[in-house]
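Q: Could you walk me through reading burial, strand pairing and contacts in a structure?

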Amino acid sequence: AACRTLYFHNPMLKKRDDFEDVLEERRNSSDLRYALRCYTPVLYKGVPPCKSSMLKSMVLQSDQLHYVISQVSKETGRKTDEVQEEASAILDEMAHCQQLSTVRFFAFTLSKVFKSLFRSICVNEEGIQRLQQAIQEHPVVLLPSHRSYMDFLLMSYLLYTYDLTLPVIAAGMDFMGMKFVGEMLRMSGAFFIRRSFGGDKLYWAVFSEYVKTMLKNGFAPVEFFLEGTRSRTSKSLTPKLGLLNIAMDPFLKGEVFDVSVVPVSISYERILEETLYARELLGIPKPKESTSGLFKARKVLSEDYGSIHVYFGQPVSVRSLAEGRVNRRQFNLVPRHIPGKPGEDIHSFVNDSAYKLVRAQEENMVLKPWVLLASLLLQNQAAGPKEGLPLDELTAQAVWLRDLSRQYGAFLHWPDQMTPSEVVSSSLSLHRGLVRICEGKVQLADPHSAATPEEKLLNQAVIVLSCASYRNQALHVFLRPALLASAIHTASSTQKQEVFNSFSFLRNMFSNEFILCPGATVQDFEEASYLLVKTGAVQVSQQEVVVTEGGHRTLAFLIAMLDPFLQGYQVVCRFLCEEATETLTEKQFIPAVRKFIIKHLLAGGLRYAEVLSSDLQKNSLAAFLRLGAVQKIKGVHQGTLKVNKVMVNSLEDTLGKKRALCYAPGGNRLRFLSNKSQMCLFV
């Protein structure tokens with residue numbers, strides 16, 4: 001079944017809750033009194049809190065774990081007691097051990113830190129009330145978006161603030177290695193899991209039973225990141241299904257009546273790790289998590305990171321998601337404690353649900369004015385000589401884009417009590433590390449002096465990728481119309497079927513890059529058509545899709561939004577055809593393609609520095625593997641890539657069809673050239 005876009009028919013009718021700033025009270029009252037106040041959260045069906053020793057005992061005595069222990073014992077020839085001891089050791093390493101004193105310490109410390117870093121932390125209190133109700137009625141799974149290390153600290157801080165049951169949080173082993181801090185995180189609700197389990201049956205059984213025991217008994221909400229890791233690009237990542245499978249299992253097996261899943265959208269006006277992420281995308285390894293590193297990062301406390309908006313979405317009932325999709329009778333045929341690989345129907349159901357939940361996170365992301373400004377500045381920089389945009393022109397374009405994004409249903413936080421020029425100036429001031437204003441013109445910041453052209457290019461790429469991460473926050477708003485705008489541009493005629501075929505090709509190509517629900521091509525095409533018609537950019541009849549006279553500006557903007565990704569995929573195609581050797585492995589791919597791109601950027605053959613992003617390169621390879629243009633060969637060199645150069649050439653041609661752009665001198669007009677006609681699109 002296709003994953004339908006929420007609120008499809010009229011994005012302007014989206015009803016969103018109002019926000020309250022939780023820091024306002026913190027600035028006017030004692031942090032110590034706040035941390036030491038009476039904390040009496042309402043629990044699931046009045047269940048008393050469970051001590052960690054009791055929880056461990058329940059896990060180790062479960063039928064499923066006993067079954068797996070006996071299986072592992074038979075397969076390896078080890079004694080059952082020995083395997084049981086290993087399971088107990090895994091659990092000791094993994095399990096959380098919540099202590100209220102540590103929670104209070106974090107509440108006090110984070111109050112100080114948050115007041116120093118952020119102007120405000122705004123929360124939709126209606127969402128908090130819905131969550132409180134959900135916790136009392138059903139086991140709850142919290143699914144926050146993941147853009148910063150700050151996310152899980154922020155979630156626990158907010159739940160403590162509103163007197164809600166603190167979540168138990170899935171955290172990577174990296175954090176456990178931090179002296180003192182790792183144990184403090186454990187005592188505030190974190191449980192630690194390996195990044196990958198391989199084929200370790202015992203580890204998987206302990207882990208899944210631990211999560212399911214907490215959920216089935218409603219001891220605490222379980223929190224994890226559906227994307228699996230922080231997004232370095234601020235785009236939503238393809239969801240990982242492992243933990244969601246485990247979380248849905250008690251419902252599917254009839255062990256609980258329902259499970260409530262709550263998507264949470266956390267939007268940062270300025271991301272703490274923005275430069276760190278950009279450097280990671282350029283191949284500079286991320287610093288290892290350490291306590292000393294945490295103390296070295298104290299200098300960020302003197303910086304201004306603007307505001308945070310946290311939106312707790314509508315609780316989603318797994319029972320209602322599964323209605324008409326899953327036949328739960330199949331689970332009656334096998335005893336519950338015998339683990340089994342989920343069937344294709346279950347995998348498809350969990351996958352579709354995961355995409356719906358990530359889309360729900362995207363829908364409630366709050367966009368700040370800087371997101372629009374970053375989009376405009378990046379497009380201006382790519383359009384030719386770096387003269388910058390006059391401040392008044394940037395302001396006028398931002399107002400135009402504000403109105404367009406609102407018509408597309410964006411959740412935009414634009415301070416209406418300020419004039420547009422004040423809003424723009426305030427945003428530019430907050431992000432002054434990324435922009436400079438010279439003689440009344442705004443452009444991206446110049447990198448520091450560099451010894452070589454390559455070093456200068458990489459320094460510039462850090463600025464560009466940092467700005468692109470803010471532009472990417474708005475991609476979910478413009479993505480479908482942008483795919484249609486590009487399809488109109490690349491289609492061989494205005495015939496609706498031709499345009500749809502072009503749209504379908506682009507959507508399929510980019511399904512590793514963006515959150516595009518499986519099987520929803522027609523719905524996405526209809527939504528994009530609806531939005532472009534609604535804003536007067538195109539006219540759609542039964543047979544044709546025609547650009548209106550007033551629609552050129554909108555289409556030019558949308559095409560330019562997608563163009564860096566198109567050029568990125570094209571250059572990877574070029575690399576695979578020209579440079580890929582027969583011994584190229586998946587591990588060698590990113591460094592080799594980066595070297596190829598740097599060479600072409602320095603020679604002036606590429607327009608977008610953001611094609612240096614390793615995220616874009618990985619996603620393009622994943623797409624070519626999925627489409628069969630590249631294959632992974634198992635053999636002497638693990639993960640060797642075999643390139644079908646004929647198919648890669650064909651994909652490059654289709655991606656590049658009619659994409660030659662030339663820029664009209666002295667103006668802000670983009671001229672797209674085709675064989676049949678010239679169409680001037682105004683930016």
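A: Happy to. This is a predicted model, in which local features need pLDDT of at least 70 and side-chain atom pairs count only at pLDDT 80 or more, while totals for chains, interfaces and linings use all residues. Residues are numbered from 1 along each chain as its sequence is written, and side-chain values use heavy atoms, with hydrogens and water left out.

Q: Let's start with a helix. Which residues of helix α3 are buried?

A: First, the general idea: an α-helix has 3.6 residues a turn, so residues three or four places apart point the same way. Helices here are DSSP runs of H or I with at least four residues, strands are runs of E with at least two, and both are numbered from the N terminus. Buried means under 20% relative accessible area, exposed means over 50%, and partly exposed is in between (1.4 Å probe, protein chains only). In α3, residues 52–60, the buried ones are L55, V59 and L60. Viewed down the axis of α3, they fall within an arc of 130° and so line one face of the helix; the arc is that of the directions from the helix axis to the C-beta atoms.

Q: What covers the buried residues of α3?

A: The cover includes α4 (63–76), α5 (80–94) and α11 (201–217). Contact means heavy atoms within 4.5 Å.

Q: Now a strand. How many residues of β4 are buried?

A: Five of the five residues in β4 (168–172) are buried, so the strand is largely enclosed by the rest of the structure. V168, A170 and G172 point one way, I169 and A171 point the other way, and all are buried.

Q: Which strands does β4 pair with?

A: Two strands pair if DSSP finds at least two bridges between them. β4 pairs in the parallel sense with β5 (190–193) over four bridges, and with β6 in the parallel sense over two bridges. I169 stands opposite A190 in β5, and its bridge partner in β6 is E223.

Q: What about a loop residue: is S231 buried or exposed?

A: S231 sits in the loop between β6 (222–223) and α12 (242–252), and is buried with a relative accessible area of 1%. Leaving aside residues up to four places away in sequence, S231 touches H146, R147, L237 and Y277.

Q: And which residues does L483 touch?

A: L483, in helix α21 (475–490), is buried at a relative accessible area of 0%. Not counting residues up to four places away in sequence, L483 touches F503, L506, R507, F510, L516 and L562. The C-alpha atoms of L483 and A528 are separated by 8.0 Å, with the two residues 45 apart along the chain.
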